[in-house]
Amino acid sequence: MLYRTYVIPPNQYITFQPLDWPQFSLQEALTRGTLWPNLYSPYSPNRSVQEGEA
């Protein structure tokens, strides 16, 4: 493995919901799981797990 990545939950560094941040449309927010693009973190599983290998 060349590198590791970690996703830190947003509640660790954002204590309130910002009023002036850009927002996804309602449909896109439901698809992505968050209202704010700044908090969106796409999930990309390991290739071996995705193919069913352990």
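Analyst: Helices are DSSP runs of at least four residues, numbered from the N terminus. In this predicted model, the chain has two helices and zero strands, and Thr34 is found in the loop between H1 and H2.

User: Why is Thr34 called buried?

Analyst: Buried means under 20% relative accessible area, and Thr34 has 15% relative accessibility, so Thr34 counts as buried. Leaving aside residues up to four places away in sequence, Thr34 touches Phe24, Ala29, Leu39 and Tyr40.

User: What makes the approach of Thr34 to Trp36 a polar contact?

Analyst: A polar atom of the Thr34 side chain lies 3.4 Å from the backbone nitrogen of Trp36, and the cut-off for such a pair of N or O atoms is within 3.5 Å.

User: Why is the pair of Trp21 and Trp36 called edge-to-face?

Analyst: By the rule that ring centres must lie within 6.5 Å, the count comes to two aromatic pairs. In the pair of Trp21 and Trp36, the centres are 6.5 Å apart and the planes stand at 80°; because planes over 60 degrees apart count as edge-to-face, that name applies here. Trp21 lies in the segment before helix H1 (26–32) and Trp36 in the loop between H1 and helix H2 (47–50), so this pair ties together parts that are 15 residues apart in sequence.

User: How do you know whether Trp21 and Trp36 are buried or partly exposed?

Analyst: Trp36 has 12% relative accessibility and therefore counts as buried, the limit being under 20%. Trp21 has a relative accessible area of 26%, which falls between that limit and the 50% above which a residue is exposed, so Trp21 is partly exposed.

User: What makes the pair of Phe24 and Tyr40 edge-to-face?

Analyst: The ring centres of Phe24 and Tyr40 are 6.2 Å apart, within the 6.5 Å limit, and their planes are at 85°, which is over 60 degrees, so this pair is edge-to-face. Phe24 is in the segment before H1 and Tyr40 in the loop between H1 and H2, 16 residues apart, and the pair links these distant parts of the chain. At 14% relative accessibility Phe24 counts as buried, whereas Tyr40, with a relative accessible area of 31%, is partly exposed.

User: How do you know that the charged end of Arg32 sits over the ring of Tyr40?

Analyst: The charged end of Arg32 is 4.6 Å from the centre of the Tyr40 ring, and the distance cut-off is within 6 Å, with a further condition of lying within 35 degrees of the ring normal. The charged end of Arg32 is accordingly described as sitting over that ring.

Note on methods. Residues numbered from 1 in each chain as written. Predicted model: local features only at pLDDT ≥ 70, side-chain atom pairs only at ≥ 80, totals over all residues. Heavy atoms only, no water. Phe/Tyr/Trp six-rings, centres within 6.5 Å; stacked < 30°, edge-to-face > 60°. Buried < 20%, exposed > 50% of the residue type's maximum accessible area, 1.4 Å probe, protein only. Polar contact = N/O pair within 3.5 Å; in protein donor to acceptor, adjacent residues only side chain to side chain. Contact = heavy atoms within 4.5 Å.
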